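Hello,

Here is the structure I promised to pass on. Please have a look at it before you read my notes below.

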Amino acid sequence: MKRILALNQSRGPGWDRSQRSEDQPGWIAHAEFMDRLVDEGFIALGGPLEGSHDVLLILRASSEQEIEQRLAADIWRQSELLVPKQCFPWHIRLGALD
């Protein structure tokens, strides 16, 4: 059964802090990979948290293990540009995700 989970990722040791996200190695492959996950309905929402080094993803998954398995194919995970920080099941009480 799919649930809603919130995943916080952070810039890892591979991140070049002198460069924008779009100028990091593998940007195009990363963006295409993430877009596919959105198209599949796996990612509901996602993006960087302003004023931090973190990225928040709202995901539809059956478990944290499924999330880790699916995101392991991301070039930014493989090159440690992004590393997982925290993952929580999210019980939405107000509003809705389609």
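Predicted model: local features only at pLDDT ≥ 70, side-chain atom pairs only at ≥ 80, totals over all residues.

Fold first. The chain has 3 helices and 4 strands. Read from the N terminus, the order is β-α-β-β-α-α-β. The radius of gyration is 13 Å, close to the 13 Å from the globule rule for 98 residues, so the chain is as compact as a globular protein of that length. The C-alpha trace spans about 40 × 25 × 20 Å along its principal axes. Take the contacts between residues at least 6 apart in sequence: 73% of them join residues at least 24 apart.

Of the 98 residues in the chain, 34% are buried. The largest nonpolar core holds 18 residues, and L57 and I67 have the most contacts inside it. Two or more residues come from each of β1 (3–11), α1 (27–39), β3 (54–61), α2 (64–71) and β4 (82–89). β3 gives the largest share, with 4 residues. What does I67 touch, beyond its neighbours within four places in sequence? The list is L5, L7, F42, L59, A61 and C87. In general, nonpolar side chains of soluble globular proteins tend to be buried together.

Last, surface and charge. The accessible surface is about 6,300 Å². Carbon and sulfur atoms account for 53% of that surface. There are 15 negative and 11 positive side chains. The centres of these two sets lie 6 Å apart.

Best regards

Methods:
Residues numbered from 1 in each chain as written. Heavy atoms only, no water. Core = buried A, V, L, I, M, F, W, Y, C linked by side-chain atoms within 4.5 Å. Buried < 20%, exposed > 50% of the residue type's maximum accessible area, 1.4 Å probe, protein only. Contact = heavy atoms within 4.5 Å. Rg over C-alpha atoms; globule rule 2.2 N^0.38 Å. Areas by Shrake-Rupley, 256 points an atom, 1.4 Å probe, with all protein chains shown as cover. Lys, Arg positive; Asp, Glu negative; His and termini not counted. Charge placed at Lys NZ, Arg CZ, Asp CG, Glu CD.
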